[in-house]
Amino acid sequence: MGRKLDPTRKEKRGPGRKARKQRGAEVELARFLPPGKAGPVPPRGARCRRCGLPDGRQVPLHKEKRAVRAAGQIPRGQSGFSDGNSKWLTPAKAKKIQSKGNNVELSSDGEVEEGSWEMEEEEDGSSEEMVDDYGASSSEEEELLPIEKVALKQKPDRGDLSEDDSEEEEEDSNRQNMGQKEKESTDLQLNLDIDEEFKLPTNEQIEREDILFYLLCAGFLAVYDSLMVFLPAEPPDLHVIHQRIKGNMEVLQDFVVKREEGRTRQEYLALLRRDMAAYYSYSDFLLMKLMDIFPLPELINFLEANEVPRPVTVRTNTLKTRRRDLAQALINRGVNLDPLGKWSKTGLVIYDSSVPIGATPEYLAGHYMLQGASSLLPVMALAPQENERILDMCCAPGGKTSYIAQLMKNTGMILANDSNAERLHSVVGNLHRLGVTNAVVSNCDGRQFPKVLGGFDRVLLDAPCSGTGVISKDPAVKTNKDEKDILRCAHLQKELILSAIDSVNAASETGGYIVYCTCSIMVEENEWVVDYALKKRNVRLVATGLDFGKEGFTRFKDRRFHPSLKSTRRFYPHTHNMDGFFVAKFKKFSNAIPQAQKEPAVEAASLSTVPNTVMEPQLKKKKLEGSKADREQKQPQPALKKRHSLQVQRRPLKA
Amino acid sequence: SEKLLKVAASIPRDSLVSLGTCFGKFTKTQKFRLSVTALDFLAPYAKYKVWVKPGSEQSFLYGNHVLKSGLGRITENTAQYQGVVVYSMADVPLGFGVAAKSTQECRKVDPMAIVVFHQADVGEYVRNEDTLT
């Protein structure tokens with residue numbers, strides 16, 4: 001750009017940035033144009049094709065020169081070359097070019113070599129001083145930048161390096177096993193070989209890598225030195241562990257072939273678990289659970305996905321604005337965003353932003369809500385209609401509640417409940433900000449529900465869970481959850497789901513649905529709870545309406561769940577790029593509560609029930625429109641208890 | 001609405017947190033203090049509006065008064081100490097205020113003078129989340 005053009009002064013040109021670019025353009029052009037045809041003259045300062053050569057000849061394009069060299073003949077329509085040049089044209093270069101197949105193909109990625117710049121220009125002789133070859137040289141080796149040469153050199157080096165690492169381990173492990181050193185020496189060639197030869201380190205090696213042990217035997221360093229070849233009692237080297245994990249996985253994938261004699265699959269698995277726990281910082285318990293849920297390659301993807309946060313997503317508040325307008329307004333503020341996907345009409349995903357997303361005037365005016373993509377799913381499954389009565393049992397911080405409200409267009413009534421009073425402040429704030437007018441916020445324990453108020457058309461239960469699906473948001477979950485926590489969560493969830501089911505009026509005309517969702521991937525909290533509900537109440541699972549997502553398990557380890565669990569949906573961070581989630585949708589078909597039965601029939605038929613607790617269904621007999629009128633009817637209903645009990649025995653309660 | 005009221009009646013008093021939209025609160029001396037949550041309902045009815053330039057939007061949202069330099073537009077015949085609704089240039093309501101100067105005076109006054117006293121703004125949703133309602 002700033003170069004002074006001095007045609008008389010031949011500058012030794014190195015491979016400048018622009019030069020390389022230009023060269024690439026030349027190459028591209030050369031591919032399309034037949035050799036010998038003069039292409040458009042690129043305006044390049046020092047090249048001076050306009051001036052031409054002193055003896056009146058045209059300056060040939062270097063691709064034409066290429067052609068000459070390769071073909072070893074005079075280019076057609078080109079007066080530049082003559083056979084006299086063949087003396088200094090080296091056959092070796094021509095061969096090189098020919099070997100590339102096409103005479104216009106230089107180093108196809110337009111590489112520029114360094115030393116050839118000068119060579120070229122000197123070779124061309126004085127008659128072609130003006131020529132700028134861009135360092136276009138025939139030889140492929142010369143065209144490489146020095147850094148590329150180094151890179152090439154490094155490739156075998158790197159291979160050797162990694163092999164050295166795993167080599168070391170294998171050596172260690174083999175010490176005690178067998179003298180298989182000779183086998184190792186042949187493994188240096190390929191990484192593949194290394195993996196095939198993956199050896200389990202012995203217990204001693206494992207011990208040595210244990211970080212506690214490391215601290216313990218820091219004092220014995222000298223002693224170990226004399227015994228072992230490699231560094232003794234080193235802190236767990238993450239790279240080494242990672243390689244070992246990969247190697248272990250390879251073996252386990254193809255166990256019969258790749259296994260080491262005398263080692264059981266359990267040992268491999270145990271080592272893998274230890275390594276993954278060390279590498280990803282999980283507790284052993286959690287890792288065991290995860291290994292039960294995921295097959296091994298997926299497990300790695302899951303663990304990796306948990307290290308990375310999910311993208312920020314927002315939901316447009318359709319009560320106040322449209323997604324298009326909001327997107328426009330945010331783009332004007334300097335936010336980089338995209339619609340969330342085909343499945344959502346209100347979601348936007350934010351890639352990056354120059355302003356804090358949670359503080360823009362649009363946010364404060366309530367035009368959108370910061371929400372995880374997975375939180376949109378249960379509300380979409382719930383599909384609230386206008387003028388319904390909806391209960392949101394665990395609503396904080398209010399994202400799902402407000403979404404329900406916007407789908408209902410502020411009609412009907414939502415009861416937003418949460419047992420945690422501090423978090424309710426955010427619920428209230430959010431609801432006001434987003435302009436939700438049909439919500440009542442309450443602070444009851446969810447389990448009190450049908451007693452406090454029942455007869456809802458739909459209930460959303462986003463149950464408190466262990467949070468194993470949102471590890472990327474809260475890494476503490478990796479270590480602080482254990483068996484007791486999961487079981488405690490599951491117990492609470494079971495109680496809540498029963499209350500939720502009891503709060504719904506099965507006789508509602510447009511409703512009678514319960515959506516149960518958690519942000520966890522544990523089977524104990526998801527399928528187990530759903531199965532429990534199916535057994536205990538007159539509900540059945542229906543399709544969630546979400547067409548993507550993995551189906552829930554119908555069997556897991558030694559448990560067998562109802563086949564309708566296929567209609568539940570699981571979402572994972574590594575497959576859907578949203579938080580781990582589970583959604584199940586129930587339809588209540590009878591208000592009666594079956595007595596505790598020992599039968600395995602999951603769709604507990606109301607036929608077999610003895611309705612001792614028929615009181616509650618009475619309270620729920622509310623029609624949609626005349627809710628107030630029905631309340632008055634509540635009084636005479638207990639009198640009908642007797643009659644109802646007989647009815648229930650025979651068939652499901654009719655509305 | 002009334003239906004909401006009836007439903008909320010069945011929730012134990014200690015457990016009821018909020019119902020519908022809160023417009024404001026009554027003080028001990030029986031005055032009614034309007035809060036920002038009423039903005040959506042009042043904004044369409046506002047007779048006197050003030051538009052704020054993009055640069056001082058943020059400043060208003062932080063709770064500062066509006067200076068002459070930040071003033072974009074103002075409806076004609078705004079009297080002094082008149083209650084106004086503050087908008088951004090994109091017609092997004094930002095909050096409530098009181099006109100410190102009448103429209104005529106606004107023209108004459110220097111750029112650093114306050115033209116609108118801040119009373120309530122939507123930034124409070126984030127600042128005073130806990131004490132909002």
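User: How many residue pairs in polar contact does the rule find across the interface of chain B and chain A, with both at pLDDT 80 or more?

Analyst: This is a predicted model, in which local features need pLDDT of at least 70 and side-chain atom pairs count only at pLDDT 80 or more, while totals for chains, interfaces and linings use all residues. Residues are numbered from 1 along each chain as its sequence is written, chains are lettered from A and ligands numbered from 1 in the order in which they are written, and side-chain values use heavy atoms, with hydrogens and water left out. A polar contact is a pair of N or O atoms within 3.5 Å; within protein, one must be able to donate a hydrogen and the other to accept it, and residues adjacent in sequence count only if both atoms are side-chain atoms. Across the interface of chain B and chain A, the number of such residue pairs is one.

User: Which side chains meet in a salt bridge between chain B and chain A?

Analyst: A salt bridge puts a side-chain nitrogen of Lys or Arg within 4 Å of a carboxyl oxygen of Asp or Glu. The count between chain B and chain A is one. At 3.3 Å, N to O, the partners are B:Glu57 and A:Arg333.

User: Which element gives the largest share of the side of chain B that touches chain A?

Analyst: Helices (H or I, at least four residues) and strands (E, at least two) are DSSP runs, numbered from the N terminus. Beyond the salt bridge of B:Glu57 and A:Arg333, the elements of chain B that give two or more residues to this side include strand 1 (16–19), helix 3 (54–61) and strand 8 (93–99). The largest share is five residues, and it comes from helix 1 of chain B.

User: Which three residues supply 18% of the area that chain B buries against chain A?

Analyst: Buried area is the accessible area (1.4 Å probe) that two parts lose on being put together, summed over both. Contact means heavy atoms within 4.5 Å; here it takes 33 residues from chain B and 34 from chain A. About 2700 Å² is buried between the chains, and carbon and sulfur atoms give 64% of it. The three residues that supply more of chain B's part than any other three are B:Leu4, B:Val7 and B:Tyr125.

User: What percentage of the residues of chain B count as buried?

Analyst: Chain B has five helices and nine strands. Buried means under 20% relative accessible area, exposed over 50%, partly exposed in between (1.4 Å probe, protein chains only). Of the 133 residues of chain B, the buried share is 44%.

User: Which side chain of opposite charge is nearest to A:Arg310?

Analyst: A:Arg310 sits in the loop between helix 16 (296–307) and strand 1 (312–316) of chain A. Its side chain reaches the backbone oxygen of A:Ala305 at 3.0 Å, and a polar atom of that side chain lies 3.4 Å from the backbone oxygen of A:Val308. Lys and Arg count as positive and Asp and Glu as negative; His and the chain ends are not counted. A:Arg310 is buried yet has no salt bridge; at 5.5 Å, the nearest side chain of opposite charge is A:Asp579.

User: Which residue does the UniProt annotation "active site" cover?

Analyst: UniProt positions are given in the numbering used here, feature names are shortened, and annotations may be inferred rather than shown by experiment. The residue lies in the loop between strand 9 (513–518) and helix 25 (527–536) of chain A. Leaving aside neighbours within four places in sequence, its contacts include A:Cys465, A:Gly469 and A:Phe581. The unreviewed UniProt entry places "active site" on A:Cys519.

User: Is A:Thr321 buried or exposed?

Analyst: A:Thr321 is in the loop between strand 1 and helix 17 (323–333) of chain A. Leaving aside neighbours within four places in sequence, it touches A:Thr316, A:Leu326 and A:His367. Because its relative accessibility is 12%, A:Thr321 counts as buried.

User: How far apart in space are A:Pro339 and A:Thr313, C-alpha to C-alpha?

Analyst: A:Pro339 lies in strand 2 (335–339) of chain A. It counts as partly exposed because its relative accessibility is 47%. A:Pro339 and A:Thr313 are 26 residues apart in sequence, yet in space the C-alpha distance is 9.3 Å.
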